[in-house]
Amino acid sequence: MMQRELRLRGRALRVAACWVVAAALAVAGMGSWVGCEAPASQDSAPRMEGLVEGVISPGYEALAESVGGLSQASQALCAGPDAQGLAAAQATWSVARARWKEADAFYFGPAKVARARVSFDWTTLSPEKVEALIAGDGLLTAEALAQAPADAGGLLAVEYLLFDGDRAEGEALAAFVRDSAGGGRRCGYLLGVVGALDAQAAAIVTAWSPTGEDFGAELTSAGKGSVAYATAREAVSEVVNSLIFTVEDAANLYLGVALRLDGAATLDPTTLPSYRSGGSLEDVAAALRGAYAVYIGGWQGRGGEGVSAWVVDRAPDVDARILLRFAQAQEAVAALSGPLSEVVVKNPAGVQAAFDAIKALQTALEADLSPLLGVSLTFNDNDGD
Amino acid sequence: MAVMSGARAVQGVRAQGSDGPPAQAGAATGVVARLFAPVDAASLLAFRVLFGVLALFSAVRFVALGWVDALYIQPSFHFSYPGFAWVKPLPGAWMYAPFAVMIAAGAAITLGWRYRWAVAAYGVSFLYVELIDPSYYLNHYYFMSLMTFGLLWMPLAAGWSLDARRAALKQASQTSQTSSAPKPSRVALPAWMLWALRAQVGLVYFFAGVAKLNPDWLLRAEPLRTWLSVVGMSWPSPLGGWLSSEVVAYGMSYAGAAFDLTIPFWLLWRRSRPWAYAAVVGFHAATGALFQIGVFPWVMALSALVFFPPSWPRDAAEALRRGRALTSTRRTPTPALAHAPLTLIGAPTAARPQRWVVAALAAYFALQAALPLRHHLYPGEPLWTEEGFNYAWHVMVMEKGGHADFWVRDPRTGQRWLIAPDSVLDPIQAKVASTNPELMRQLAHLLAARFRAQGHGVVEVFAHAHVSLNGHPARPIIDPRVDLAAQPWRWGPAPWILP
């Protein structure tokens, strides 16, 4: 009896061994066959590295530099308020604002953790709160103002101080002139807010820097030891979703509001971001620039390892369609100039065309690109089958 | 249903022999006799234990992952199944209550304690949770619902359970001749119970295979090609590259379709069964490792055990015992239990109740065969329209991406509002509603109701929605000229879905 069972077990082991060998041979055979036409590695690490080094880190460095420029120009203005100093400060503000809107396309990681959008770009500013803080006796240091209410700080508070907006012409400069003779709290407020932004921009640069906290390594090691991203798909999703949100905001929060798609009976210009500087359309253009940089993997139209590289691997036609949509959207926005609240009155068809073009871009990114890269919730956040 | 309860069943018919036809069925012939032939209950009892463990594990996992809060407590709105709009989530933390019931019931099913009540409690809780929001529909939730329904009619606590132990003790206390008490571990159940489970599991595989016989799957290897290339990003080179290659995508597509279509038959054939089950385990292990499909692989791999002979748990235990005996110097006696007579439980002996059981089974499985085919009654591709999509085992055949904007217009004032789904819905709902026409219609009704509540009167709602299916270029899915808020739910095809 026992011998028979041992024989049976021996036979079963031989059969199993045969199957294992056969399977190994089959895999090896297929491997060599596939090896002839093996596609380029799908490893996300080199592309993420390219995105970090080619777009994100330079983007935040440019932001920090521009805020530094704004800080210097603000100090110069406060040293002797005049029209020239104000114009210089306004120009540096516009540059900083553009860099910030460009960086919107990669708003994740350290910037998101630090809630930089709240401190840089709270969309509804309260001029009353700004004036109340200036009129008060609180500390106006960068550290103190970093804790100020979101609707009394950020780039839009600086814009309020530097631009006339809906106040009487020359009022911004006049306020600084009065301030220089009356204790300088307005300048203190300006320098404090800009200083807080300067510190935050520098902190984000450090967080992304390889010599600092090196958050870029989290992206490049996604799925291979990264703490922030358990899989490469999570990292890709972060990048692509951020890109899509930027495009969506450019359409809805600017052009959509101008076209009164929020149900407003009449347009309230104060609901448009950057309306005091008349730079709403520049915001839109900058947001599209940032999104395009993430997509192609480089600034100034120089492509590198961006999202596009993944798309080309899988569906070159989708890549071509998205590039076309980017071009059409940027062209439609570039065709508009001036304060958006005025442009929408003079040229509503042009604004509508720009809105439609950005929406078409958003559709291509969400409907064509997202599923292609697995940036969907099909297998995320909940199981799927 | 004329099936006897477990407590009564221990006094039921005693069959002679092991797995042979029942003594009382000597005169009976045909299908009915075969369906009511006693089979060793061991397989079904093991299924009950495994099902209970899975039910328990699934509910614990759902709670532990924070999905009760994310999916049922946080969202301010839920879509609804036709006719079930009255099913709403419980307020706040009370939503944990049905999951607590599921956990307790899962444990009770495993232990066979108050079995019928436990299955009923689990079924009601599970169904309640599933009926709250169709945007969370998953095939394996539907499968679990069907299995729970099936278990309700089967006395699977007749052995290896606290119920059986309690019944045996009760009987022993009532009679001094304990030797006449049935052996709980040698009970038999009518064959239809085993075959019903086999048929249910087989239908899932078979129709999942049928669903894969579409041009995207066969000619473009989609959506597997896309999913594999995404998974490949996380794999080291060159494995990641190979995983993303055309050969692997096509190979897995065809292998997957062939597997689903044929595996029930391989599992039924005695000679191929061990290899087929190894393939089942390998297949589900692979899909479970590659894709985030939760407990689905476990559910199917464990359910497929019903294809083994009804005595497989006993045989496995015996094999283990013998294996140990081979390596042991001690002699282990063969248990007398393996040759003990079977005691049939849960089978009506009269012809009329038997016919009712057969009729009910026939009706149930006719429905199960019809539901996956009902999409042929609708025009268009079911993956596109999602009409006839659910309850049809369209398992892992669709990758949709979409962008939808909803335009609300007040016809009296001409005012317009642009509404993005994610401004109203939670992320999963918004994602599904961006590609699912029926959910878009429901969202339009929600928006209209909210605007009415704000004093806008009757408003029109239009959807500008583009969807990409399985890598095809995105195209409009809803007629943008149709006021979705004015569209009712209908049994027939929705005319506002674009082809």
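## Buried charges and helix packing

Reader: Is B:Asp40 buried or exposed?
Author: B:Asp40 counts as buried, because its relative accessibility is 2% and the cut-off for buried is under 20%. Bear in mind that this is a predicted model.

Reader: What does the side chain of B:Asp40 meet?
Author: The side chain of B:Arg314, in a salt bridge with an N to O distance of 2.7 Å. The two residues are 274 apart and link distant parts of the chain, with B:Asp40 in strand β1 (residues 38–40) and B:Arg314 in helix α16 (residues 312–326), both of chain B.

Reader: And B:Arg314, buried or exposed?
Author: Buried as well, with a relative accessible area of 14%.

Reader: How many salt bridges over all chains?
Author: The structure holds 27. One of the others pairs B:Arg166 with B:Asp163 at 3.2 Å, N to O.

Reader: How far along the helix are B:Arg166 and B:Asp163 separated?
Author: About one helical turn, because they are three residues apart in helix α8 (residues 162–174) of chain B. B:Asp163 is buried at 14%, while B:Arg166 is partly exposed at 36%.

Reader: What about B:Glu386, which side chain does that one meet?
Author: B:Lys400, in a salt bridge of 2.7 Å, N to O. B:Glu386 sits in the loop between α18 (382–385) and β4 (400–409) of chain B, and B:Lys400 is in strand β4, 14 residues apart. Both B:Glu386 and B:Lys400 are buried.

Reader: Which residues form a salt-bridge network in chain A?
Author: A:Arg97, A:Lys101, A:Asp104, A:Arg117, A:Asp121 and A:Asp283 are joined into one network through shared partners.

Reader: How many helices and strands does chain A have?
Author: There are 17 helices and zero strands. Of its 385 residues, 52% are buried.

Reader: Back to chain B. At what angle do α7(B) and α9(B) cross?
Author: Roughly 170 degrees, with the axes coming within 11 Å. That makes the two helices roughly antiparallel. Among the residues that meet there are B:Phe143 and B:Leu146 from α7(B), and B:Leu197 and B:Val201 from α9(B).

Reader: Which residues make the nonpolar surface patch?
Author: B:Trp195, B:Phe206, B:Phe265 and B:Leu268, over about 390 Å². Helices α9 (191–211) and α13 (246–268) of chain B each give two or more residues to the patch. B:Phe206, in α9, is partly exposed at 31%.

Reader: Last one: what does B:Leu447 touch?
Author: B:Phe406, B:Val408, B:Ile419, B:Val424 and B:Val461, leaving out residues up to four places away in sequence. B:Leu447 lies in helix α20 (residues 437–453) of chain B and is buried at 4%.

Methods. Residues are numbered from 1 along each chain as its sequence is written. Chains are lettered from A and ligands numbered from 1 in the order in which they are written. This is a predicted model: local features need pLDDT of at least 70, side-chain atom pairs count only at pLDDT 80 or more; totals for chains, interfaces and linings use all residues. Side-chain values use heavy atoms; hydrogens and water are left out. Patches are made of residues with over 30% relative accessible area and no salt bridge: like charges are joined within 9 Å, nonpolar side chains (Val, Leu, Ile, Met, Phe, Trp, Tyr) within 5 Å. Accessible areas come from the Shrake-Rupley method with a 1.4 Å probe; for residues, only the protein chains shown count as cover. A salt bridge is a side-chain nitrogen of Lys or Arg within 4 Å of a carboxyl oxygen of Asp or Glu. Helices (H or I, at least four residues) and strands (E, at least two) are DSSP runs, numbered from the N terminus. Buried means under 20% relative accessible area, exposed over 50%, partly exposed in between (1.4 Å probe, protein chains only). Axes are lines fitted to C-alpha atoms, for helices over the stretch in contact, and angles run from 0 to 180 degrees between N-to-C directions. Angles under 35 degrees count as roughly parallel, over 145 as roughly antiparallel, 65 to 115 as roughly perpendicular and the rest as oblique. Contact means heavy atoms within 4.5 Å.
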